Amino acid sequence: MVWYFGRAGACVDRSGGPGKYASASTSNSLSYAENHATCRRSCDVDAFCVGYSVYAPLVGGQVECKTYKAQTSVDMIAGAAPSSGTTCYEKVHSPPPSPPPPSPPPPSPPPPSPPPPSPP
């Protein structure tokens, strides 16, 4: 399972730099949510993508999408640097869910009844 850890600001790599990224296409004719979903999908389908960032200007302007790829461990997203209107999303791979616990054993049968008392 894949999910994304969001942080306010622009993505930075482990060396503190902006990381290796490619700009993905966005459209002024789409809403912010639609552009964001397109950006996320472009990272979802790329096995080398380690995250993405979305910049949304407060007034006018076009939403910007960047997808980040890791060639080495230094390229991995390490955090976010302050950047107004930008959110960094780090791709996180969750381990598969644990198997369910085993079922409890069936209850034991009740002990046998004592024999009736013998006559005197």
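Begin by selecting Cys39 and Cys65, whose link is right-handed, with 80° about the S-S bond; a disulfide here is a pair of cysteine sulfur atoms within 2.5 Å, and this one has an S to S distance of 1.9 Å. Cys39 lies in helix α1 (residues 32-44) and Cys65 in strand β5 (residues 64-69), so the pair ties together parts that are 26 residues apart in sequence; helices (H or I, at least four residues) and strands (E, at least two) are DSSP runs, numbered from the N terminus. Cys39 is buried at 1% relative accessible area, and Cys65 is buried at 3%, where buried means under 20%, exposed over 50% and partly exposed in between (1.4 Å probe, protein chains only).

The model is predicted, with local features needing pLDDT of at least 70 and side-chain atom pairs counting only at pLDDT 80 or more, while totals for chains, interfaces and linings use all residues. Residues are numbered from 1 along each chain as its sequence is written, and side-chain values use heavy atoms, leaving out hydrogens and water.

Select Cys11 and Cys88 next, which are joined by a disulfide with S to S 2.0 Å. This pair links distant parts of the chain, 77 residues apart, with Cys11 in strand β2 (residues 10-13) and Cys88 in strand β7 (residues 86-93). The torsion about their S-S bond is about 105°, so the disulfide is right-handed.

Then move to Cys43 and Cys49, again joined by a disulfide, with S to S 2.0 Å, but left-handed at -100° about the S-S bond; both cysteines are buried.

Finally, display the three disulfides found in the whole structure: with the bonded cysteines numbered in sequence order, the pairing is 1-6, 2-5, 3-4.
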